[in-house]
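Could you walk me through this model in my viewer, one selection at a time? I would like to know what to pick next and what I will find there.

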Amino acid sequence: MPSRCPELLELRRINDSAAAEFSLPAIANPARVPNFIPFPFFMPASLFSNLSSQRLAPCDLCGHSHFTIVADKDRHGQPLQTVICQSCGLVSTNPRPTDEELESFYRDEYRKSYKQVVKPKPKHVYRAGLVALERLHYLLPILRHGQSVLDFGAGGGELLFMLRGLGYQVQGIEPNLGYGGAARDHLGLPVQVTHYQHAQVAPESLDVVTCFHVVEHLAHPIEALSVMAGWTKPNGLVLIEVPHVLSRCQWPHSRYHLGHLHHYSSSTLSLAGQKAGLTPMDSFTSPDGGNVMVVFQKTHTPAASEISALPGHATRVLKHLRGHTALAHLKSAYPYLRPFEKMASRVHEQIALSQRRDAHAILDHLLDRAKEIAKSLNDDDRPQGSMGLASLVSAA
Ligand SMILES: [Zn+2]
C-alpha cells in the first residue's frame with residue numbers, strides 16, 4: 001500500500017507549488033471550480049455531494065502529494081478536477097466521491113446513468129458480445145484448456161458465456177444489480193452480484209483473473225489488485241485492461257468523466273500491479289491505441305513494491321495531454337473513420353438482431369464465431385508444443 005501523507009494539501013497550495021514546474025495555461029485554473037457544483041442530469045446527485053469542498057487526497061499509486069491540474073471539466077462540461085501526480089505520472093480525479101457514494105453508484109446507478117438502462121437490451125448484449133470476441137484473440141493464447149477464470153467486473157457476462165462455451169471453468173463478480181443479475185439469472189453463469197470486497201472466492205484457487213475496463217473506476221486500485229492476486233494460484237495470471245492515458249483516438253474533451261477515477265499508462269498500471277505483489281510480464285495497446293493491457297504473473301519473486309516514483313513519466317504524460325488538442329485531433333484520421341466504422345457495425349447489428357432478440361440466442365450465435373477464433377488460434381498461432389504465453393512464462 002502507498003504511504004499516506006499525514007497532511008493533505010489544500011487546492012490552492014497544490015496549484016501554487018505545481019504550476020512552477022508544469023505550467024498549464026488556461027486549463028489549470030482551480031479558481032474556475034465553483035463552490036457549488038450543479039448536478040448533471042446523467043449523474044446521480046449523491047456522487048457530486050460536497051465534492052468541491054473536499055480536500056485532495058495523496059496519490060493512490062505512490063503516496064506523494066504534489067500535483068498539477070490537467071483539467072477542470074468533464075466530457076459534458078461539468079466541473080471535475082483532474083490532476084497528474086508529479087512523482088509517478090498517474091492522472092486522477094481529485095478530490096473524488098467517497099467510497100460509500102461510489103459503492104452505491106455502481107450498485108444501483110452506473111448503467112442507468114451511462115446507457116439509460118437497468119438491464120442490458122439486446123443491442124447491448126450483441127455489442128458486448130462482439131467486444132468479448134475481440135478479447136478472445138489475445139486471451140485464448142495465454143489460457144490452457146479447462147483452466148479456471150474469474151472475470152472481475154463481468155458486466156452482462158458475455159465474456160464468461162464465451163469462455164464457458166469453449167470449455168473453461170468460469171465465474172464472475174459484478175457489482176451492478178441489473179447486469180450481474182442478468183448474467184446470473186438469464187445466462188445461468190456463476191456470477192456473484194456484489195462488490196469485490198464482499199465476494200467469496202477461495203484463496204489461490206484461480207488460474208487466471210481477467211479485469212477489463214474496471215480498474216480505472218476503482219478508488220483503491222492497489223487494494224483491488226492485491227485481492228485479485230490473493231485469489232490467483234502461484235504462477236497464475238492477472239490480465240488488466242484499461243483506457244490508455246496516452247491515446248489519441250478520442251476527442252480530447254471526452255477524456256475525463258467522473259466514472260474514471262484514474263487514467264493509466266502501461267508504466268503506471270505496471271507499478272500498481274507491482275505494489276500489489278504482481279510481476280508485469282507483458283503489455284500491449286489495442287490497434288487504435290485507445291486501451292492498454294498489462295499481463296501480470298503471481299511469481300515467487302517479490303515485486304518492486306518499494307518504488308515510489310517514475311522519473312520523467314509525468315513530463316511525458318503531460319506533454320501528450322497538452323499536445324492532444326482538438327486541432328490535432330481534427331488533423332488525424334480518427335474523426336473521419338469512426339462514423340463509417342460505426343455505421344457499418346450498426347448495419348450488421350440490425351441484421352443479427354432481426355433474427356434473434358433473446359440474450360441467450362444472441363450469444364449462442366456469437367459463440368459459433370468464438371469457436372472459429374479458438375480453432376484458428378489453435379491451428380496457426382500457438383507455438384508448437386506449447387499452450388501459449390502461460391507455458392512460456394512458466395518455462396522462463
Ligand atoms: Zn503518484
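Predicted model: local features only at pLDDT ≥ 70, side-chain atom pairs only at ≥ 80, totals over all residues.

Trp 251 sits in the loop that links strand S8 (232-243) to strand S9 (262-263). Setting aside neighbours within four places in sequence, Trp 251 has Ala 326 and His 329 as contacts. Now draw a distance to His 329: the C-alpha atoms are 6.5 Å apart, although 78 residues separate Trp 251 and His 329 in sequence.

Next, bring up the sheet. It is an open one of seven strands with mixed pairing, and you can follow the order S6-S5-S4-S7-S8-S11-S10. At its edges are strand S6 (191-192) and S10; each has a single partner strand, so one side of each has no neighbour in the sheet.

Select strand S4, residues 148-152. Is S4 largely enclosed or left open by the rest of the structure? Four of its five residues are buried, so S4 is largely enclosed. On one pairing, S4 runs parallel to strand S5 (residues 169-173), with five bridges between them. To see one of the pairs, highlight Phe 152, whose bridge partner in S5 is Ile 173. Then trace the chain from S4 through helix H5 (residues 158-165) to S5: this β-α-β crossover is right-handed.

S4 also pairs in the parallel sense with strand S7 (residues 206-212), here over three bridges. Pick Val 149 and you will find Val 208 of S7 opposite.

Go back to Ile 173 and look towards S6, where Gln 192 stands opposite. S5 and S6 run parallel and are joined by two bridges.

Now move to helix H8, residues 266-275. Nine of its ten residues are buried, so H8 too is largely enclosed by the rest of the structure. Colour the buried ones, among them Ser 267, Leu 269, Leu 271 and Gln 274. What covers the buried residues of H8? The cover includes helix H7 (221-231), S8, strand S10 (279-285), strand S11 (291-297) and helix H9 (313-323). Turn the view so that the sheet is behind the helix: H8 lies across S8, S10 and S11, and runs at about 30 degrees to S11. Just past the end of H8, stop at Gly 277, which has a positive phi of about 90 degrees.

The crossing of H7 past H8 is right-handed. For the meeting point, show side chains for Pro 221, Ile 222 and Leu 225 in H7, which meet Ala 272, Gly 273 and Lys 275 in H8.

For the last stop, select Arg 107 in helix H3 (residues 99-115). Arg 107 is partly exposed, because 16 other C-beta atoms lie within 10 Å. Which residues does Arg 107 touch, not counting those up to four places away in sequence? They are Pro 175, Asn 176 and Leu 177. Finish with a distance from Arg 107 to Glu 174: 67 residues apart in sequence, they are 8.9 Å apart in space, C-alpha to C-alpha.

Conventions:
Residues numbered from 1 in each chain as written. Contact = placed C-beta atoms within 7 Å. Buried ≥ 20, exposed ≤ 12 C-beta atoms within 10 Å, placed from the backbone. Pairing = 2+ DSSP bridges. Right-handed = clockwise from strand over helix to strand, strands pointing away. Left-handed = near helix turned anticlockwise from the far one by under 90°. Axes fitted to C-alpha atoms, helices over the stretch in contact; angles between N-to-C directions.
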